[in-house]
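This report describes one protein chain in plain terms. Look at the sequence and the model first, then read on.

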Amino acid sequence: QVQMVESGGGLVQAGGSLRLSCAASGRSFSSSAMGWFRQAPGKERDFIATINRIGSGTYYAYYADSVKGRFTISRDNDQNTVYLQMNSLNPEDTAVYYCAATRASYSGISVATREYEYAFWGQGTQVTVSS
């Protein structure tokens with residue numbers, strides 16, 4: 001049974017940083033795209049970032065404009081884990097953050113940015129940024 005478990009959420013002041021982790025189990029995700037989404041209160045769930053493997057030890061990352069330059073996605077295929085380093089946080093970043101993985105293989109610069117492309121989801125972790 002596939003499980004994806006996020007951790008690292010919490011309360012942080014504006015300008016601060018948090019690092020989210022997502023541990024996946026139940027199958028290999030080495031060829032899957034792994035991504036992060038977030039859902040703010042009263043809003044739809046939005047894409048944040050995704051990462052593909054494009055070669056041995058080489059990855060391609062793609063970001064939403066809203067987080068580009070502030071957030072960094074990374075992954076450890078050996079540990080089936082994906083990370084999201086979030087810097088320069090502001091109150092607009094307050095949301096529940098979800099990690100996800102595709103069932104299909106993604107490689108090169110073909111990115112998965114839509115919810116329907118992801119088959120596996122975590123339960124979410126709350127990030128609250130105070131002003």
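Strands here are DSSP runs of E with at least two residues, helices are runs of H or I with at least four, and both are numbered from the N terminus. The model is a predicted one: local features need pLDDT of at least 70 and side-chain atom pairs count only at pLDDT 80 or more, while totals for chains, interfaces and linings use all residues. Residues are numbered from 1 along each chain as its sequence is written, and side-chain values use heavy atoms, with hydrogens and water left out.

**Overall form**

The protein chain contains eleven strands and zero helices. Its radius of gyration is 14 Å, close to the 14 Å that the globule rule gives for 131 residues, so the chain is as compact as a globular protein of that length. The radius is taken over C-alpha atoms, and the rule is 2.2 Å times the number of residues to the power 0.38. Along the principal axes, the C-alpha atoms fill a box of roughly 40 × 30 × 25 Å.

A contact means heavy atoms within 4.5 Å. Among contacts between residues at least 6 apart in sequence, 60% join residues at least 24 apart.

**Surface and charge**

Accessible areas come from the Shrake-Rupley method with a 1.4 Å probe, and for residues only the protein chains shown count as cover. The protein chain exposes about 6,500 Å², of which carbon and sulfur atoms supply 44%. A residue is buried under 20% relative accessible area, exposed over 50%, and partly exposed in between. Of the 131 residues, 44% count as buried.

For charge, Lys and Arg count as positive and Asp and Glu as negative, with His and the chain ends not counted. Each charge is placed at NZ of Lys, CZ of Arg, CG of Asp or CD of Glu. There are 11 positive and 10 negative side chains, and the centres of the two sets lie 4 Å apart.

**Cores**

A nonpolar core is a set of buried Ala, Val, Leu, Ile, Met, Phe, Trp, Tyr and Cys residues joined through side-chain atoms within 4.5 Å. The largest one has 28 residues, and W36, L84, M86 and Y97 have the most contacts inside it. Strands that each supply at least two residues of this core include β3 (18-25), β4 (32-39), β5 (45-55) and β9 (95-105). A second, separate core has eight residues, among them F47, A64, A100 and Y118.

**Single residues**

Which strand holds V82? V82 is placed in strand β8, and it is buried, with a relative accessible area of 0%. Leaving aside residues up to four places away in sequence, V82 touches ones including L20, M34, W36, I51, I73 and C99. V82 and T72 are ten residues apart in sequence, and their C-alpha atoms are 11 Å apart in space.

The C-alpha atoms of K43 and Q3, 40 residues apart along the chain, are separated by 25 Å.

Most residues other than glycine have a negative phi.

Conventions: Buried means under 20% relative accessible area, exposed over 50%, partly exposed in between (1.4 Å probe, protein chains only).
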